[in-house]
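Hi everyone, thanks for coming. Let's look at today's structure together, and I'll start with a question once it is on the screen.

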Amino acid sequence: MSDPGLPASEAVAEAQHDDEPILGAASTAPAIPPNAGFRLAAFGALLVVVLFAGYGLGRLNNGAATSATGASSVTGATGSTGSTGSTGSAGSTGSASQAGANPAAPAPSATVIDESQPHTHGVTVPVPGANTAGAAVGGLSLSSSGLTLTPVSTTFEPGRSQKLEFVIHGPGGAPVTTYAIVHDKPLHLIVIRRDLTGFQHVHPTMAPDGTWSVDLTLADPGSYRMIADFTALVGGTQLATTLGSDLTVAGNYAPVTLPDPARATTTESYKIGYEGTPGTESTQPLLMTVTDASGKPVTVEPYLGAFGHLVVLRQNDLAYVHVHPESQLIDGKIKFWLTAPSPGTYRMFLDFQTTGKVHTAAWTVVVS
């Protein structure tokens, strides 16, 4: 502490003397060795090197993690594609792409039908993700399963017999000439006007070149639908297919209103009724009874390998279902099993045979 009585110059000198360290006295600051600066610089350099090395390793690890994540994403995408593809086709395609090879074309699926059991003819390939309620339908397309229906001519004159000719082309474009015999015939042809009148079930014959033909009379003007129901043999595989195309009859078209729904109808001298209620959720039995004018049961005869053939057509789009019955009559009744494709209005046509003659009964049915 400087003396306040000292001159200013002496006071400054004393203050400077107070700030000087006293040798041998205790001090709160550690003594710094002569090489402390060098060690501090070396430590700092080492710390910088460690920091840069750690940053580099982090970059490398992050890159590897990103690559692994990317690989997982690709694998996951491929797996997802496989899971959503039809019957694993997309999954196979993904594997082929990873292997660097082109995926093989899928082999056509065979539809083998046990004709001794009741069954439905129509498109049987399910659509992934689609609602499975309701029966499959056919006849809405002229091409399916690699097969294409090609009519030679589609224009007719009303009330005049004309030859209808058509060809079924295979996947390679060549005419198909081999067919399985289904219910005594290689091909069944349904022809009907779009207002669900003028129903015909006929059986064309095939020429060696694969051209089908049949004499056909379409009575009234309008737009008609031809529906070919067959099982083609392509490359040793059975393809049960139903294809359709439109026919035109020139003239003034006068549509006919469908009859009201009823469980009984008449054709010629027979009365035909049915029991059961068609639905979309499950297959329901339908029992068909044929009686004469007096109400006496009539015994039906086998026709085309069955006691009857039931064709069901949906109003507006003419979606087609062809049902065959059980192999034995039930108390003299024809028993079918039917699932309607969807709610809507339908026309049912039953072909049956008595005393060597084929008859057709028709009903309007509303499925709710």
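Which backbone oxygen does the side chain of Thr265 reach? That oxygen belongs to Ala362, at 3.3 Å. We call this a polar contact, meaning a pair of N or O atoms within 3.5 Å; within protein, one must be able to donate a hydrogen and the other to accept it, and residues adjacent in sequence count only if both atoms are side-chain atoms.

Before going on, a word about what you are seeing. This is a predicted model, where local features need pLDDT of at least 70 and side-chain atom pairs count only at pLDDT 80 or more, while totals for chains, interfaces and linings use all residues. Residues are numbered from 1 along each chain as its sequence is written, and side-chain values use heavy atoms, with hydrogens and water left out.

Now the overall picture. The protein chain has three helices and 19 strands; helices (H or I, at least four residues) and strands (E, at least two) are DSSP runs, numbered from the N terminus. Of its 368 residues, 36% are buried. Buried means under 20% relative accessible area, exposed means over 50%, and partly exposed is in between, using a 1.4 Å probe and protein chains only.

How confident is the predictor? pLDDT is its confidence in each residue, from 0 to 100, and the average over the protein chain is 76, with 64% of the residues scoring at least 70. Where pLDDT is low, the predicted coordinates should not be read in detail.

Back to Thr265. This residue lies in strand β12, residues 264-267, and counts as buried because its relative accessibility is 17%.

What is the partner strand? β12 is joined by four bridges to β13, residues 270-275, and the two run antiparallel. Strands pair if DSSP finds at least two bridges between them. Thr265 has Ile272 as its bridge partner in β13. Two residues sit between the strands of this hairpin, and Glu268 takes a positive phi near 55 degrees there.

Further along β13 we find Gly273, which counts as buried at 18% relative accessibility. Among the contacts of Gly273 beyond four places in sequence are Leu287 and Trp363. Gly273 and Leu287 are 14 residues apart in sequence, and their C-alpha atoms are 8.3 Å apart.

Let's move to another part. An open sheet of five strands runs in the order β2-β3-β5-β9-β8, with antiparallel pairing. β2 (143-144) and β8 (205-206) stand at the edges with a single partner strand each, so one side of each has no neighbour in the sheet. Inside this sheet, four bridges join β3 (residues 147-151) to β5 (residues 161-169), and Leu149 stands opposite Ile168 in β5.

Finally, two loops. Asp331, between β16 (320-324) and β17 (334-338), has a positive phi near 55 degrees and is exposed at 77% relative accessibility. Thr355, between β18 (344-354) and β19 (357-367), has a positive phi of about 45 degrees and is exposed at 69%.

Terms used: Contact = heavy atoms within 4.5 Å. pLDDT = per-residue confidence, 0-100.
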